[in-house]
Amino acid sequence: MEGATLENEYAYIKDSKVFLKGYLELPERQIGEVKRTEEEAFQYFINRYDIAVKKVKQLEKEIDEAANKGSYLTKLLQLRKRLESFDGIGNFIPLLSRLDIKEAYLNGLIELNQKNNLKVKEELLTETRAIADSDDWGPVSDQLQDIRTRWIRTGPVEKKLNDEKEEEFKSLLDSFYQRRKTFFDEQNRIIDERKAKYEALIETSYDLHRRRDWEDAFEDMKRMQREWKEVGELPAKMMKFLYRNFKKSNTGFYEKYCKAKGIQIQRRVDPRVEAQIRMMKEAERLAAAENDAIFDSTVKAKVLLNEWKNIRVPSHVADRNVAERFRAACDKIFELSYLMKVVGRKHPTFNFLDDDQKNHTKYREMENIVRRARHDLQQLEETSNVGGSGSGDMDRMMFNNLKTQKRKLLMKEIILEELRRSAGA
């Protein structure tokens with residue numbers, strides 16, 4: 001290079017400025033200045049070329065080891081752009097050629113992935129078309145959500161097809177969800193309309209309470225009952241609330257009607273409640289069995305418990321007092337049965353004792369049982385208060401267990417008191 005004071009095949013120094021010679025279609029350009037000596041300046045930029053080599057090697061290594069190689073294409077293009085303006089002295093053509101090879105490799109992978117992605121998205125579109133016109137809103141909504149998740153996880157397709165496929169998929173989803181919205185808007189309108197009719201019937205039924213033309217009012221109440229049945233369905237919780245108010249009004253009206261007419265009201269007991277009352281009385285009879293006879297009561301009590309579970313009594317009909325007495329009787333049977341097992345094991349000659357001796361023996365053993373139960377309950381309470389970081393289900397289980405143990409201890413103490421009086425202790 002004419003006028004150059006220091007030169008090699010890639011660069012030269014002229015007028016205390018360092019120039020990189022042009023290569024490929026890139027023109028020559030100044031990359032630095034001489035600070036101290038020309039040799040030091042030249043060597044500085046030769047050393048900088050090693051940085052470029054290392055960056056290319058590092059990128060090649062990352063691409064070779066990566067699972068998602070296509071994601072490195074942008075990084076490669078950015079590195080190529082930096083190399084074309086990199087301030088260093090050396091042969092950049094081989095480095096750019098290596099990047100060209102990797103770019104072609106990545107483009108091949110991306111093209112293959114795009115073809116695979118297109119196949120997957122075509123299958124997802126087929127799935128979507130098959131159900132997008134359905135009116136089975138709940139299940140289809142779940143299926144479309146699953147399809148949408150898989151669509152998002154599937155990479156892009158060829159650019160000229162990508163917008164087309166995305167638009168078709170979006171259109172199918174929008175169509176379904178718009179139809180679903182229209183349907184539920186109409187359902188909500190119907191619900192609001194029916195609710196208003198029910199509320200009007202309730203309000204009108206209460207107006208009948210103030211009437212004194214009882215026969216006409218009675219006919220109007222029967223007419224409203226018929227109209228009530230024809231209004232239509234509502235969500236269960238809402239319907240339960242409205243029906244409770246309507247029934248309350250009906251009951252109040254008939255009480256006034258019967259009073260005005262001198263009619264004696266016969267209270268009707270739900271047959272399911274009647275069945276529970278019979279079972280409660282039977283359980284209390286079984287709990288009165290003494291000594292070894294309690295074992296037969298235990299067998300029968302288990303049968304009663306199974307029968308009780310099969311009787312589905314609505315909460316607004318159920319008699320809590322009957323349920324509590326039945327449970328207490330069963331608890332007593334099982335506690336007495338356990339007591340007699342302990343007595344039989346520890347006192348083999350129990351059946352040869354007189355009644356006073358039997359009562360004292362049972363009382364002493366029940367004292368021991370109650371003492372152990374109190375100790376176990378105390379430990380359980382301490383354990384329940386230690387954590388506080390358990391799951392909701394675990395806390396609920398601990399609470400229910402604690403509640404059950406307290407109930408059983410109370411029954412043990414009741415039995416102990418009964419035995420104390422029998423033994424004269």
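**Helix α9 and its neighbour α10**

Modeller: In this contact (heavy atoms within 4.5 Å), I294, F295, S297, T298, A301, K302, L304, L305 and W308 of α9 touch V322, A323, F326, C330, I333, F334, L336, S337, M340 and K341 of α10. The model is predicted, so local features need pLDDT of at least 70 and side-chain atom pairs pLDDT 80 or more, while totals for chains, interfaces and linings use all residues. Residues are numbered from 1 along each chain, and side-chain values use heavy atoms, without hydrogens and water.

Biologist: How do the residues of the contact of α9 with α10 divide?

Modeller: They comprise 14 nonpolar, three polar and two charged residues. Ala, Val, Leu, Ile, Met, Phe, Trp, Tyr, Cys and Pro count as nonpolar, Asp, Glu, Lys and Arg as charged, and the others, Gly among them, as polar.

Biologist: What makes the buried residues of α9 line one face of the helix?

Modeller: The buried ones (under 20% relative accessible area) are I294, S297, T298, A301, L304 and W308. Down the axis of α9, they fall within an arc of 130°, so they line one face; the arc is that of the directions from the helix axis to the C-beta atoms.

Biologist: Why is N47 called partly exposed?

Modeller: Partly exposed lies between those two cut-offs, with a 1.4 Å probe and protein chains only. N47 has a relative accessible area of 41%, so it is partly exposed.

Technical notes. Helices (H or I, at least four residues) and strands (E, at least two) are DSSP runs, numbered from the N terminus. Buried means under 20% relative accessible area, exposed over 50%, partly exposed in between (1.4 Å probe, protein chains only).
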